[in-house]
Amino acid sequence: MTEAAMQGNGNQTIQGLVGEALRESTDLAQKEFTLFRTEISQNIRTLFMGLAMVVVAAIFAIAAVMLLTESLVEWLATVVNSEALAALIVGGVLALIAIGLGLWGRSAMTSSSLMPQRTMRSLQRDAEVLSERGA
């Protein structure tokens, strides 16, 4: 074989290998994307089922709290000999609990607590490293 023919075969072989690698990479990427879509749809389905169960649990919890509150008012009415006073006492205590939980929740949701602190520190370090390299 001549040298030119050998070089042509070598180039064709390299081109064939590169083409085959690109086809296999594309096939692999498509399979990975299909797997990703399937997994995400299953995860979303599971998330919605979990969310539905939490909503149903919250409904039952509200009903239970209402019944327990009513029972507490009725019991306290026998102790203080007044259903109205018992309802005021129980209602006042529940209002104080609600106010306390609301204030605590509001303080937990401040804008500074929502800021991704670790990401911000990482970005600052990256910026410092890049500025040191540029200097």
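Colleague: How do you know how much confidence the predictor places in this protein?

Modeller: This is a predicted model, and the mean pLDDT of the protein is 85, with 86% of its residues reaching 70 or more. Confidence is highest in helix H2, at a mean of 94, and lowest in helix H3 (residues 111-114), at 62. Over residues 1-7 the pLDDT is below 50, and beyond near neighbours in sequence this stretch has two contacts in the model.

Colleague: What makes the pattern of the protein, read along the sequence?

Modeller: The protein has four helices and zero strands, and along the sequence the pattern therefore reads α-α-α-α.

Colleague: What makes Val73, Leu76, Ala77, Ala86 and Val90 a nonpolar core?

Modeller: A nonpolar core requires buried residues of nonpolar kinds, joined through side-chain atoms within 4.5 Å, and these five residues make up the largest such core in the protein. Helix H1 (3-80) and helix H2 (83-108) each supply at least two of its residues, the largest share, three residues, coming from H1. In soluble globular proteins, nonpolar side chains tend to be buried together. Here, buried residues make up 4% of the 135 residues in the protein.

Colleague: Which residues does Leu76 touch, leaving aside its neighbours within four places in sequence?

Modeller: Leu76 is in contact with Ala86, Ile89 and Val90, and contact here stands for heavy atoms within 4.5 Å.

Colleague: Why is Asn81 called exposed?

Modeller: The relative accessible area of Asn81 is 69%, and exposed means over 50%, so Asn81 is called exposed. Asn81 is found in the loop between H1 and H2.

Colleague: Why is Ile40 called partly exposed, rather than buried or exposed?

Modeller: Ile40, which has its place in helix H1, shows 35% relative accessibility; buried means under 20% and exposed means over 50%, so a value in between makes Ile40 partly exposed.

Colleague: Which residues accompany Ile40 in a nonpolar surface patch?

Modeller: The patch, of about 790 Å², is made by Ile40 together with Phe33, Phe36, Ile44, Phe48, Leu51, Val55 and Ile59. A patch residue needs over 30% relative accessible area, and Ile40, at 35%, therefore passes that cut-off.

Colleague: How much of the accessible surface of the protein belongs to carbon and sulfur atoms?

Modeller: The accessible surface comes to about 11,800 Å², and 68% of that belongs to carbon and sulfur atoms.

Terms used: Residues are numbered from 1 along each chain as its sequence is written. This is a predicted model: local features need pLDDT of at least 70, side-chain atom pairs count only at pLDDT 80 or more; totals for chains, interfaces and linings use all residues. Side-chain values use heavy atoms; hydrogens and water are left out. Buried means under 20% relative accessible area, exposed over 50%, partly exposed in between (1.4 Å probe, protein chains only). Accessible areas come from the Shrake-Rupley method with a 1.4 Å probe; for residues, only the protein chains shown count as cover. pLDDT is the predictor's confidence in each residue, from 0 to 100. Patches are made of residues with over 30% relative accessible area and no salt bridge: like charges are joined within 9 Å, nonpolar side chains (Val, Leu, Ile, Met, Phe, Trp, Tyr) within 5 Å. A salt bridge is a side-chain nitrogen of Lys or Arg within 4 Å of a carboxyl oxygen of Asp or Glu.
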